[in-house]
Amino acid sequence: MSPDLESLPVWISLPVTLLLLLGSLIVLIGAIGLVRLPHFFQRIHGPAITVTLGAGCILIASMLFFTALQSRLVIHELLITAFILLTAPVVAMLLMRTAVYRDLRARRRESETESNEVYPFSPDD
């Protein structure tokens, strides 16, 4: 270990450790949800919801750690956090809308092929 890490006060290392554990646990739960859930619309909720909170915890821990280590305010992680908080929900929403459009288009195509059969009229007509 470097001497800088050994001289880090406990009042900084404890919140940094807790935030890192919490963030990594949240991201792990989102990854398990991505793998385990059966359908796309269920699978997208795991990463969409947890990426913002998990990454936020990890970035706040990084801010605290480097602020204490360098004895000056380090806030460039705030830009990363803002970018993630703005883009992750939008990307998830666009993926879900694309999947809905794809499913609607596939249903429309199926209904058109059924109506273009040799006998388009049912015997009840």
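Under the criterion applied here, in which a side-chain nitrogen of Lys or Arg lies within 4 Å of a carboxyl oxygen of Asp or Glu, the count comes to one salt bridge. This salt bridge joins the side chains of Arg-102 and Asp-103, with an N to O distance of 3.4 Å. Arg-102 is exposed, at a relative accessible area of 52%, whereas Asp-103 is partly exposed, at 26%; the classes are buried for under 20% relative accessible area, exposed for over 50% and partly exposed in between, computed with a 1.4 Å probe on protein chains only. The model is predicted, so that local features need pLDDT of at least 70 and side-chain atom pairs count only at pLDDT 80 or more, while totals for chains, interfaces and linings use all residues. Residues are numbered from 1 along each chain as its sequence is written, and side-chain values use heavy atoms, with hydrogens and water left out.

The unreviewed UniProt entry places the feature "transmembrane region" at residues 12–35, 47–66 and 78–100; such positions are given in the numbering used here, with feature names shortened, and the annotations may be inferred rather than shown by experiment. Secondary structure follows DSSP runs numbered from the N terminus, with helices (H or I) of at least four residues and strands (E) of at least two. Residues 47–66 are 100% helix and 0% strand, with the end C-alpha atoms 27 Å apart, and residues 78–100 are likewise 100% helix and 0% strand, with the end C-alpha atoms 34 Å apart.

Helix H2 comprises the 27 residues 10–36, and its end C-alpha atoms are 38 Å apart, which agrees with the 39 Å that it should span at 1.5 Å a residue, the expected span being 1.5 Å times one less than the number of residues. Within H2, the buried residues are Ile-12, Val-16, Gly-23, Ile-26, Gly-30 and Gly-33. These buried residues pack against helix H3 (40–43) and helix H4 (45–70), contact being defined by heavy atoms within 4.5 Å.

Gly-56, which is placed in helix H4, is buried at a relative accessible area of 14%; Gly-56 and Leu-19 are 37 residues apart in sequence and 9.2 Å apart in space, C-alpha to C-alpha.

For rings of Phe, Tyr and Trp (its six-membered ring), a pair requires centres within 6.5 Å, and planes under 30 degrees apart count as stacked, over 60 as edge-to-face and the rest as tilted; the count by this rule is two aromatic pairs. Phe-40 and Phe-41 form an edge-to-face pair, at 5.6 Å centre to centre and 75° between the planes, with Phe-40 partly exposed at 29% and Phe-41 partly exposed at 31%. Phe-65 and Phe-66 also form an edge-to-face pair, at 5.1 Å and 80°, in which Phe-65 is buried at 18% and Phe-66 is partly exposed at 31%.

Most residues other than glycine have a negative phi. Ser-71, although not a glycine, has a positive phi of about 55°. Ser-71 is found in the loop between H4 and helix H5 (76–115) and counts as exposed, at 67% relative accessibility.
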